[in-house]
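I opened this structure to look up how its chains meet and how one of them is built. My notes follow.

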Amino acid sequence: MAENLIDAHNLSRSFGGRAAVRNLDLTLERGEILGFLGLNGAGKSTTLRMLAGTLAPSAGRITIAGIDLLNAPKSAKRKLGYLPEQPPLHPELTVSEYLRFCAEIHGVPRPRIRHAVQAAQEKTGLTGVERRLIRNLSKGYQQRVGIAQAILHDPEVLLLDEPTVGLDPAQIQDIRTLIRSLGEAHSVIFSSHLLAEVQSLATRVIIIHEGQLAWSRPLTALPSDRPAASYRTGLRKAPSPERMVAQTGAREITPLEGGWFRIAPPQDAAGDFPERFLEQAVREGWAPFGLVAEETSLETIFLELTRGVTPNAMESTP
Amino acid sequence: MIRALAKRELRSLFASPLAWVVLAVVTLILGWIFLLQVDLFLRIMPRLALYRHGAGVTALVVMPLFHSAIVILLLVIPLLTMRLVSEERRQKTLELLYAAPLSTLDLVCGKYLGILAFLGTLLFLIFLMPLSLELGTHLDWGLVAAGLLGLFLVMAAFAAAGLYLSSLTEQPIVAAISTFGLLLFLWIIAWAAKGHGPGSHILRYASLLDHFSAFGRGEIRVSDIAYYLIFTLVFLVMTGRRFDADHLEH
């Protein structure tokens with residue numbers, strides 16, 4: 001168990017009688033980037049706040065790198081870097097003043113502070129704005145300051161709560177690149193309600209719904225696991241949709257513009273449905289020129305889970 | 001770590017115009033009162049010379065100045081302490097402190113020492129006025145020291161109450177008004193004790209004002225020092241309890 005940087009057992013938290021998180025088990029292994037997916041209000045922030053030690057759980061136990069967070073909060077918190085949903089910035093300070101302060105309260109030894117601040121600014125792309133007041137920075141830069149604050153003391157675990165929310169597409173790309181590079185030196189948990197984000201960043205995904213763990217699995221296991229909900233395919237010499245349905249066993253095929261068709265795979269389709277479809281298209285001489293998954297498999301799982309439908313693949317792999 | 005917190009607090013205070021305005025206004029008003037007292041003293045000086053054991057310049061100029069200072073501090077300290085915690089609550093920066101490896105004691109001490117350092121500056125500015133008299137006359141330094149000690153203890157007590165009330169709310173103005181209300185109430189509570197009814201000595205003991213008057217006469221009494229220290233400590237402990245409660249409930 002020593003390999004796990006975070007071990008949370010049976011976490012529960014209620015606010016005024018309403019359970020926000022119920023009996024949640026969660027682990028984070030060294031080197032993982034864990035995507036924490038859920039609808040708004042599913043309990044993502046509550047869970048992260050409990051892991052960061054800013055909110056005491058109603059029940060349950062958390063250990064950070066083998067240290068009990070509730071019994072020895074000071075030494076456990078040294079291993080953590082946390083970016084809350086709203087970055088905790090002091091607008092009246094300059095970037096480097098603020099980061100200096102954060103380094104001091106995180107117990108970075110005095111001679112190393114200068115270097116730590118410099119390194120964090122470089123990693124997060126803040127060089128050039130370090131003497132500006134945080135108040136005057138754009139939202140994207142403020143988010144970077146928030147992340148810089150979390151990595152200053154070189155923690156083993158990073159907890160990022162919705163790190164890309166409220167940013168424009170270019171800023172989102174930047175922050176994602178940043179998180180990916182942080183994942184090389186730290187283990188990361190980040191929460192999001194965006195599927196694409198989790199899919200592009202995480203090595204493992206956890207879906208939480210109504211405060212309970214709904215799904216947990218490495219992302220690499222996904223593609224062969226289940227087919228997408230629908231595909232778009234381009235066929236130059238397509239027969240009538242009815243004939244194609246009869247021959248391929250698809251649930252439904254609707255023609256779109258320019259030789260494209262939308263294909264819904266049958267309910268019980270295996271993960272290799274797209275390959276088999278293409279093979280058949282080639283054999284039949286339909287001249288396929290493209291195939292795109294429209295709804296990703298994670299999206300399907302997510303939507304099924306959050307709509308209250310229980311898919312078969314509920315049990316998590318160890 | 002406590003030092004880092006206190007330093008940040010001081011820095012944020014000076015980054016806003018509030019701190020500067022407070023320093024300027026307090027110095028201006030007290031400077032005016034000081035000049036009036038000096039003027040009064042100069043006018044009555046010839047008559048004072050007739051008495052062998054008459055009151056000196058320290059008792060007639062410096063002590064009234066310190067008394068006026070307390071009234072002004074009563075108005076001003078709530079404005080200085082109002083943002084200590086409430087602003088952080090509003091900006092959600094408390095999360096940063098809670099996620100850092102800091103104990104509740106570190107937190108309370110850091111915040112408190114930050115504001116105390118500012119009040120120390122204010123006290124120093126006030127002290128410069130009587131010090132300027134030393135150019136032309138001799139002061140009774142024992143009396144001045146007693147007055148300064150009393151003034152410092154009063155400031156410390158005011159600030160502790162302000163810190164606690166600031167930790168309760170998200171709105172600085174609510175913190176300011178409740179601090180002002182509390183301090184004023186504890187100020188005037190002794191008014192009810194003018195007579196000799198039952199319990200009047202309890203009311204008098206509870207009053208913030210009564211404990212200062214002994215310092216103004218140059219008396220340093222353990223009971224007065226204990227009163228201010230206990231008052232301060234009680235509010236600091238309650239502030240710590242409020243911080244702890246943030247983890248537990250919402």
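I started with the contact, which takes 22 residues from chain A and 21 residues from chain B. I counted two residues as in contact if their C-beta atoms, placed from the backbone, lie within 7 Å. This is a predicted model, in which local features need pLDDT of at least 70 and side-chain atom pairs count only at pLDDT 80 or more, while totals for chains, interfaces and linings use all residues. Residues are numbered from 1 along each chain as its sequence is written, and chains are lettered from A and ligands numbered from 1 in the order in which they are written.

Helices (H or I, at least four residues) and strands (E, at least two) are DSSP runs, numbered from the N terminus. α3(A) gives the most to this side, with 3 residues.

Next I turned to chain B. I listed 11 helices and 0 strands there. I noted a box of roughly 70 × 45 × 25 Å, taken along the principal axes, for the C-alpha atoms of chain B.

I then looked up burial: 37% of the 250 residues of chain B count as buried, that is, with 20 or more other C-beta atoms, placed from the backbone, within 10 Å of their own.

Last, I checked contacts in chain B with a separation of 6 or more: residues 24 or more positions apart account for 80% of them.

Technical notes: Buried ≥ 20, exposed ≤ 12 C-beta atoms within 10 Å, placed from the backbone.
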